[in-house]
Amino acid sequence: MARAATTTDAFNAVAEPRRRQILDLLAVGERSVTDLVEALGVVQPLVSKHLRVLREVGLVEVREEGRQRLYRLNGEPLKPIHDWVRQYERTWSSRFDALDDVLEELKQEEEDNGTGD
């Protein structure tokens with residue numbers, strides 16, 4: 001039985017760690033497949049497979065320069081991910097603030113007990 005496609009959108013495409021690595025490399029600038037293979041330390045067919053998925057969801061664009069194909073990041077499809085994650089920023093911030101309060105209390109207790117350095 002054929003496996004269902006799981007990379008039909010940016011969320012699914014970036015769920016794979018190697019694809020995120022490719023996006024990180026492309027965020028710096030255009031790269032050829034050869035450059036990506038060298039940077040990632042994996043075989044060319046695997047990099048090409050991931051690039052195909054990233055192209056299909058619009059995260060990567062390609063242009064030809066002579067005999068070489070150069071890949072670049074298209075960040076627009078990442079916006080829905082950014083917007084979704086931003087919903088949780090308030091929760092994270094409040095938890096970090098609470099952690100800061102606990103750490104400050106512990107520090108104060110150490111100082112009050114004379115064990116602070």
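Helix 6 (residues 89-112) comprises 24 residues and spans 34 Å from its first C-alpha to its last, close to the 34 Å expected at 1.5 Å a residue (the expected span being 1.5 Å times one less than the number of residues). Helices (H or I, at least four residues) and strands (E, at least two) are DSSP runs numbered from the N terminus. Just after helix 6, G114 adopts a positive phi of about 75°. The model is predicted, with local features requiring pLDDT of at least 70 and side-chain atom pairs counted only at pLDDT 80 or more, while totals for chains, interfaces and linings use all residues. Residues are numbered from 1 along each chain as its sequence is written, and side-chain values use heavy atoms, with hydrogens and water left out.

The axes of helix 3 (residues 33-40) and helix 4 (residues 44-56) come within 9 Å and cross at roughly 115°; axes are lines fitted to C-alpha atoms, for helices over the stretch in contact, and angles run from 0 to 180 degrees between N-to-C directions. Helix 3 and helix 4 are therefore roughly perpendicular (angles under 35 degrees count as roughly parallel, over 145 as roughly antiparallel, 65 to 115 as roughly perpendicular and the rest as oblique). In the contact (heavy atoms within 4.5 Å), V33, L36, V37 and L40 of helix 3 meet Q44, V47, S48 and L51 of helix 4. These residues divide into six nonpolar, two polar and no charged (Ala, Val, Leu, Ile, Met, Phe, Trp, Tyr, Cys and Pro count as nonpolar, Asp, Glu, Lys and Arg as charged, and the others, Gly among them, as polar).

For helix 2 and helix 3, the axes come within 11 Å and cross at roughly 120°, which makes helix 2 oblique to helix 3. R18, Q21, I22, L25 and L26 of helix 2 contact L36, A39 and L40 of helix 3. The axes of helix 2 and helix 4 come within 10 Å and cross at roughly 80°, and the two helices are therefore roughly perpendicular. Here R18, R19, I22, L23 and L26 of helix 2 contact V47, H50, L51, V53 and L54 of helix 4, a set of seven nonpolar, one polar and two charged residues.

The structure holds seven salt bridges (a side-chain nitrogen of Lys or Arg within 4 Å of a carboxyl oxygen of Asp or Glu). One of them joins the side chains of R63 and E30 (2.7 Å, N to O). This pair links distant parts of the chain, 33 residues apart: R63 lies in strand 2 (residues 60-65), and E30 in the loop between helix 2 (17-28) and strand 1 (31-32).
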